[in-house]
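Please look over the model shown here before reading on.

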Amino acid sequence: MNHLEPASQSRQQQIFTVTRLNSAVRMILEQDLGLVWLTGELSNLAMPSSGHWYFSLKDMSAQVRCAMFKGNNRRVPFRPQDGMQVLVQARVSLYEPRGDYQLIIESMQPAGDGMLALRFEELKRRLGAEGLFDEGRKRPLPREPRAVGLVTSATGAALHDMLTVLERRAPDLPVFIYPTQVQGSAATAQIVSAIMLANRRAEVDVLIVGRGGGSLEDLWCFNEEAVARAIAGSAIPVVSAVGHEVDVTISDFAADLRAPTPSAAAELVAPDRRTRAQRLEHLRQRLTQAMSRHQVAARHGFVLLQKRLDHQDPKRRLEQQSQRLDELDRRLQQYLRDRLHQGERRLAGLAMRLQARSPEKLLAIGKRRHQLAEERLHALIAKRQDLARHRLAMLGARLDGISPLATLGRGYAIVRTPSGEVIRRASQVNAGQTLITTLAEGVLRVRVDEVDNR
């Protein structure tokens, strides 16, 4: 009997309940695999009133059940539908009450843009680790540039916008255009060549590299490593102006300065007398960068806290309970429908009472007050304009009274030598000398036949 006791005890230690087994398997799946990226097709999508999403993710040969809780699906920027190809980041888990293997989805995006976004983040991380985006490498723009270079499409709307702004702000500033494609497979090499050409010619003090708005795929040539390195290696300061304000590219990080639009880039490089506005813009950029650094630090702290929270794992239990509540919720649907009908009837009654107390009268009174104020404003503006025109007329009359042109109009003339010296005495002139006589209308060139000094 003594020899059998250890074996009996060993068998007893290996006996699991179903609940304990499912919990252990779930812990193993979540801790060992962590977060994974995968792509597939959505199917069997369900969105119950709890706000959570349940669906299957499948490919040609297999499928897996998925759950995305409302705290995460609120960040999804599109409406998912069955048959849609998506890219998701998920935790491998187990729904313990049924013993079903499933994925807990943390984020979701369309498959095409998602792959580009992953490439974007990977290149941004790698180039950032090399120091390509360090603020210490960035140079200030020249305050009074001798010439500006534009690296963009020769037929795009961005070129017209930038030329319009430069003409308005600095019409005498020379502009050199380095035309290139800004979309498609050939655009990357052409943009790099244009930047290198501008550096070889050394005819401009600042470069604007960019184009108008478009999709992530349209702007992708500005997310290529070759373009980023060409911008970072340029001896000429570079302003990146790609797309609209919400569009962010790798070129923006590599450039000495990012402009939200091509027009804004032209505003930044063109000299302007409004130094206060430039100072405020500089302070705004510094504040934005400081806020970005603060956000990065805050996100890092949040990740650390989240890891500590995951270690204690209260969220997993809450998710399991939330999923179980969704099953019970289906039994309450009929009751909720009845209450909804009651609420609709009550709402209809309240709507009738509210209609009886319409605010249209108050709105009409407000419109009348606005109309009277507008009429008073127009009258005041007209009065100010009349006073200004009267003052201008008086000043014009005073100016006419002291104008030398008025003297000339009475028959007098101004006589000068060809060098510009005004003749006041006959002794200043010799016979045969040519003089220039300015009249009220026109100029005479005369020759002196005789000089009388009396």
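In this predicted model, Thr188, Ile191, Val192 and Ile195 of helix H6 meet Ala226, Val227, Ala230 and Ile231 of helix H7, where contact means heavy atoms within 4.5 Å. Helices (H or I, at least four residues) and strands (E, at least two) are DSSP runs, numbered from the N terminus. Local features need pLDDT of at least 70 and side-chain atom pairs count only at pLDDT 80 or more, while totals for chains, interfaces and linings use all residues. Residues are numbered from 1 along each chain as its sequence is written, and side-chain values use heavy atoms, with hydrogens and water left out.

**H6 and H7**
- The contact of H6 with H7 has 7 nonpolar, 1 polar and no charged residues (Ala, Val, Leu, Ile, Met, Phe, Trp, Tyr, Cys and Pro count as nonpolar, Asp, Glu, Lys and Arg as charged, and the others, Gly among them, as polar).
- The axes of H6 (residues 187-201) and H7 (residues 225-232) come within 9 Å and cross at roughly 10°, which makes H6 roughly parallel to H7 (angles under 35 degrees count as roughly parallel, over 145 as roughly antiparallel, 65 to 115 as roughly perpendicular and the rest as oblique).

**H5 and H9**
- Helix H5 (residues 157-169) packs against helix H9 (residues 262-269) at an angle of about 30°, with the axes 8 Å apart, and the two are therefore roughly parallel to each other.
- On the H5 side the contact includes Ala158, Asp161, Met162 and Val165, and on the H9 side it includes Pro262, Ser263 and Ala266.
- By class, the residues of the contact of H5 with H9 divide into 7 nonpolar, 1 polar and 4 charged.

**Ile236**
- Ile236 lies in the loop between H7 and strand E9 (238-242), and with a relative accessible area of 7% Ile236 is buried (buried means under 20% relative accessible area, exposed over 50%, partly exposed in between, with a 1.4 Å probe and protein chains only).
- Not counting residues up to four places away in sequence, Ile236 touches Arg139, Ala198, Asn199, Val204, Asp205, Val206, Leu207 and Asp256.

**The whole chain**
- The secondary structure of the chain comes to 14 helices and 13 strands, and 30% of its 454 residues count as buried.
- Along its principal axes the C-alpha trace spans about 160 × 75 × 40 Å.
- Of the contacts in the chain with a separation of 6 or more, 62% are accounted for by residues 24 or more positions apart.

Methods: Axes are lines fitted to C-alpha atoms, for helices over the stretch in contact, and angles run from 0 to 180 degrees between N-to-C directions.
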